Amino acid sequence: MTTQTTKHVLMVLTSHAELGDTGDKTGFWVEEFAAPYYAFIDAGIQVSLASPAGGQPPIDPKSELEDFQTAFTKRYDTDSEVQALMAKTAVLASVNEEAYDAVFYPGGHGPLWDLTDNTDSITLIENFLAANKPIAAVCHATAAFLNAKDAAGEYVVKGKGITGFSNSEEDAVQLSEIVPFLLEDELIKRGGDYQKVADWNAFAIQDGLLISGQNPQSSELAAAKLVAHLAG
């Protein structure tokens, strides 16, 4: 009789709180953390949290508005255990791929600023892929994949089916002139096979070891693909 070892997922959150020069705040989108976190926990998967600065990652205040609440965010709001974990995320530079079976990046606008060019994050992603372990992200967090490269020096998104927050969705929230770049454009520039559905519809895609979700509505779907991959 073989014993099933518990899988372990690292979730990497943003530490960036400023929405460009607007004076408004950003951070991670609660639903995009909560839905995957509970998908993993409920599947018996162990979860650890990290962020570039460590400690409490900033929450995008808009994601706490009533319009954006779901069963998962409500569960998060009353879960003292996960909130205690969130308050003391590990410093990203201190973690390495060997301790985990997969990595998942929740979105929010924050990752555009502090995870796109973060060398610790890029190295982590490259090491996961080199070890044949899946990487997953939802919404703006697909930006974390942009500058990762494979052993041949090619962008890891090149030729891969990939999604993330679309240009039309960025226009809809009136932030196209505020964000440092448009994610859809950058994924295409790096040779990604960018795919999307109509704004605010759930859509997630897996191509090999890359899993991505388009928008907040896609967080549960992207997580389910990672759970299924780990179960296989």
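A salt bridge here is a side-chain nitrogen of Lys or Arg within 4 Å of a carboxyl oxygen of Asp or Glu. The model is predicted: local features need pLDDT of at least 70, side-chain atom pairs count only at pLDDT 80 or more, and totals for chains, interfaces and linings use all residues. Residues are numbered from 1 along each chain as its sequence is written, and side-chain values use heavy atoms, with hydrogens and water left out.

**View A. Salt bridge between E97 and K133.** The closest N and O atoms of E97 and K133 are 2.6 Å apart. E97 lies in the loop between β3 and β4 and K133 in the loop between α5 and β5, so the pair ties together parts that are 36 residues apart in sequence. Helices (H or I, at least four residues) and strands (E, at least two) are DSSP runs, numbered from the N terminus. E97 is buried at 12% relative accessibility, and K133 is buried at 15%. Buried means under 20% relative accessible area, exposed over 50%, and partly exposed in between, with a 1.4 Å probe and protein chains only. By the salt-bridge rule the count comes to eight.

View B. R75 and D42 form a salt bridge with an N to O distance of 2.9 Å. R75 belongs to helix α2 and D42 to helix α1 (residues 30-42), so the pair, 33 residues apart, links distant parts of the chain. R75 is partly exposed, with a relative accessible area of 33%, while D42 is exposed, at 52%. D79 sits in the loop between α2 (71-77) and α3 (80-87). A polar atom of the D79 side chain lies 3.1 Å from the backbone nitrogen of E81.

View C. K189 and E186 are joined by a salt bridge, 3.0 Å from N to O. Both residues lie in α7, three residues apart, about one turn of the helix. K189 is exposed at 62% relative accessibility, whereas E186 is buried, with a relative accessible area of 14%. Salt bridges that share partners join E186, K189 and R190 into one network.

**View D. Open sheet of seven strands.** The strand order is β3-β2-β1-β4-β5-β9-β8, with mixed pairing. Two strands pair if DSSP finds at least two bridges between them. β3 (90-91) and β8 stand at the edges, each with a single partner strand, so one side of each has no neighbour in the sheet. β1 and strand β2 (residues 46-51) run parallel and are joined by five bridges. H8 has Q46 in β2 as its bridge partner.

**View E. Hairpin of β8 and β9.** Strand β8 (residues 204-207) and strand β9 (residues 210-213) pair in the antiparallel sense over four bridges. I205 stands opposite S212 in β9. Two residues lie between the strands, and G208 takes a positive phi near 65°.

**View F. Nonpolar cores and the surroundings of Y105.** A nonpolar core is a set of buried Ala, Val, Leu, Ile, Met, Phe, Trp, Tyr and Cys residues joined through side-chain atoms within 4.5 Å. The largest such core has 35 residues, and Y105, L124 and F145 have the most contacts inside it. β1 (8-12), β4 (102-105), α5 (119-130), β5 (135-138) and α7 (183-189) each supply at least two residues of this core. Its largest share, five residues, comes from α5. Not counting residues up to four places away in sequence, Y105 touches V12, L115, S121, L124, I125, A136, A137, V138, A141, A144 and F145. Contact means heavy atoms within 4.5 Å. A second, separate core of 31 residues includes M11, F72, A102 and F165.

**View G. L183 and N167.** L183 is in helix α7, and N167 is in helix α6 (residues 167-172). Their C-alpha atoms are separated by 7.3 Å, with the two residues 16 apart along the chain. Is L183 buried or exposed? L183 is buried, with a relative accessible area of 2%; N167 is also buried, at 17%. Leaving aside neighbours within four places in sequence, L183 is in contact with C139, H140, T142, A143, L146, G164 and F165. With residues up to four places away again not counted, N167 touches S176, L182, E184 and D185.

How values were computed: A polar contact is a pair of N or O atoms within 3.5 Å; within protein, one must be able to donate a hydrogen and the other to accept it, and residues adjacent in sequence count only if both atoms are side-chain atoms.
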